[in-house]
Amino acid sequence: MTEYGFAYLDEPTKRMIRRALLKALAVPGYQVPFASREMPMPYGWGTGGVQVTAAILMPEDRLKVIDQGADDTTNAVSIRRFFARVAGVETTTATEDATVIQTRHRIPETPLSEGQILVYQVPIPEPLRFLEPREPETRRMHALEEYGLMHVKLYEDIARHGRVTTSYAYPVRVEGHYVMDPSPIPAFDNPKMEMDAIQLFGAGREQRIYAIPPHTKVVSLDFDDHPFEPGRAPQTCALCGAADSYLDEVVTDDAGGRMFVCSDTDFCGGRRARGLRGPGLSVAAGDVA
Amino acid sequence: MQAAQLSGGFADPARDGARAFRAILDAMARPGRIVSVAGASAPGLSDAAAAVLLTLCDADTPVHLAVPEAAAWLAFHCGAPHADKAGCAFAVGQWDALAPLDPYPVGTPDYPDRSATLVVEMASLTAEGSALTGPGIDGTANLSLPDPDALRANAVRFPLGLDLILCAGDRLACLPRSTRIGGA
């Protein structure tokens with residue numbers, strides 16, 4: 001019978017990742033290079049998040065894995081079952097019961113607490129990459145706090161469109177120093193990044209780890225006369241009626257019908273379990289509930 | 001070989017190491033918080049320092065060990081190469097043996113992570129003394145620091161600088177370079 005070492009990774013690999021995590025916490029928002037390993041899923045499928053989770057898990061943890069807010073999509077299920085198998089940890093879909101939450105591209109609606117760790121899957125860790133493709137250049141820009149290029153991009157959005165058009169992966173400034181990519185979470189989620197839990201970020205293909213300690217200042221980039229707006233669709237959730245959660249738009253027929261539902265499946269299910277209901281499918285195309 | 005250098009490792013290295021790391025992670029994420037770690041012991045070192053070394057050090061981390069009685073234990077359990085202050089990833093010892101801080105690597109502007117971590121053996125560790133603020137701290141925390149002036153000079157160099165793990169008995173607390181150190 002073959003058994004995996006606890007949490008799949010070998011101990012030297014865990015130590016390497018753990019050292020990177022500690023340096024990342026000591027320099028919030030700075031991207032620490034790490035020797036990303038081959039994992040049992042291809043690059044682009046969450047290997048960075050999986051490596052961080054594997055390096056931090058204890059047998060006593062309760063693990064939640066979400067993908068765009070949902071516990072039940074293929075990759076969330078697959079990663080959750082992977083850790084149940086190689087670490088023997090309890091798994092859960094309830095945000096408030098989890099001690100470690102691995103997430104792709106959302107922060108849970110339920111506020112996180114001191115005993116929790118949020119592990120983000122990150123595709124492109126460098127917030128300046130779409131403006132400057134060269135790593136030595138972006139590394140030097142961070143060293144010099146030379147972020148003018150990013151401010152120009154935001155300014156040009158306002159000049160052309162009247163507002164910043166970045167709606168996800170909205171850049172933030174951490175403790176007034178490093179500009180950081182929060183991963184492709186919706187801009188709506190950015191204010192949640194000032195929280196009581198520890199936030200760890202893993203990019204497997206790009207081989208970078210970064211971190212935000214609790215109670216850390218995380219400010220979305222903006223201008224005094226054009227302050228940051230965390231946008232969401234104006235509707236309420238068709239299933240549970242929530243007016244303050246991030247919504248997914250679901251096409252329901254080929255005549256333009258659509259409904260808006262909470263992206264966070266556990267949040268929505270919890271509200272429905274408490275008897276809260278939304279307008280349902282009766283909302284016609286184009287209506288604002 | 002003495003029994004002391006062969007014993008004192010984690011009984012279950014993967015799981016005990018995971019639990020010890022979570023305590024260290026929690027302490028580094030919440031500067032000033034004192035946590036306890038169990039499962040390791042070494043001649044000449046506190047149990048907390050021994051646990052830190054087992055959890056974080058191996059053949060890839062040159063260690064400047066200012067505690068000669070622990071050298072054989074470190075070699076057996078971690079296989080960490082010896083280094084002088086200027087070439088180490090970790091330095092271990094009492095403050096008087098580790099100070100002054102000038103020789104240690106503090107990282108570079110492009111790679112501030114390439115800095116040493118100091119594992120400082122303290123006579124005692126209490127939530128009293130210097131007022132700490134900054135990332136990871138809700139308001140203010142207090143912690144007994146070995147040399148507040150030297151550590152303020154370290155903090156001024158942010159994002160470069162050293163990160164500290166303060167140890168006493170089975171307890172430890174962390175002082176990352178991001179923490180601002182006030183009076184007392």
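The model is predicted, so local features need pLDDT of at least 70 and side-chain atom pairs pLDDT 80 or more, while totals for chains, interfaces and linings use all residues. Residues are numbered from 1 along each chain as its sequence is written, chains are lettered from A and ligands numbered from 1 in the order written, and side-chain values use heavy atoms, without hydrogens and water.

**Entry 1: the sheet**

I noted how strands are named: they are DSSP runs (E, at least two residues), as helices are (H or I, at least four), numbered from the N terminus. Two strands pair if DSSP finds at least two bridges between them.

Which strands join β5(B)? Three bridges join β5(B) to strand β6, residues 141-143, and the two run antiparallel. Two bridges join β5(B) to strand β9, residues 180-181, also antiparallel. In β9(B), B:Leu132 has B:Ile181 as its bridge partner. B:Ala131 is bridged to B:Asn142 in β6(B).

I then wrote down the order β6-β5-β9, an open sheet of three strands in chain B. Its edge strands are β6 and β9, each pairing on one side only. Strands of a sheet pair through backbone hydrogen bonds.

I checked the faces of β5, residues 130-133. B:Ser130 and B:Leu132 make up the covered face, B:Ala131 and B:Thr133 the uncovered one.

**Entry 2: chain B as a whole**

I counted six helices and nine strands in chain B. Of its 184 residues, 57% are buried. Buried means under 20% relative accessible area, exposed over 50%, and partly exposed in between (1.4 Å probe, protein chains only).

The radius of gyration is taken over C-alpha atoms, and the globule rule is 2.2 Å times the number of residues to the power 0.38. For 184 residues a compact globule would have a radius near 16 Å; chain B has 15 Å, which agrees. The C-alpha trace spans about 45 × 30 × 30 Å along its principal axes.

I found A:Arg15 in helix α1 of chain A, residues 11-26. Is A:Arg15 buried or exposed? A:Arg15 counts as buried because its relative accessibility is 17%. Beyond neighbours within four places in sequence, A:Arg15 is in contact (heavy atoms within 4.5 Å) with residues including B:Leu54 and B:Asp58.

A:Met259 is in strand β12 of chain A, residues 258-262. A:Met259 has 13% relative accessibility, so A:Met259 counts as buried. Its C-alpha is 8.3 Å from that of A:Asp248, eleven residues apart along the chain.
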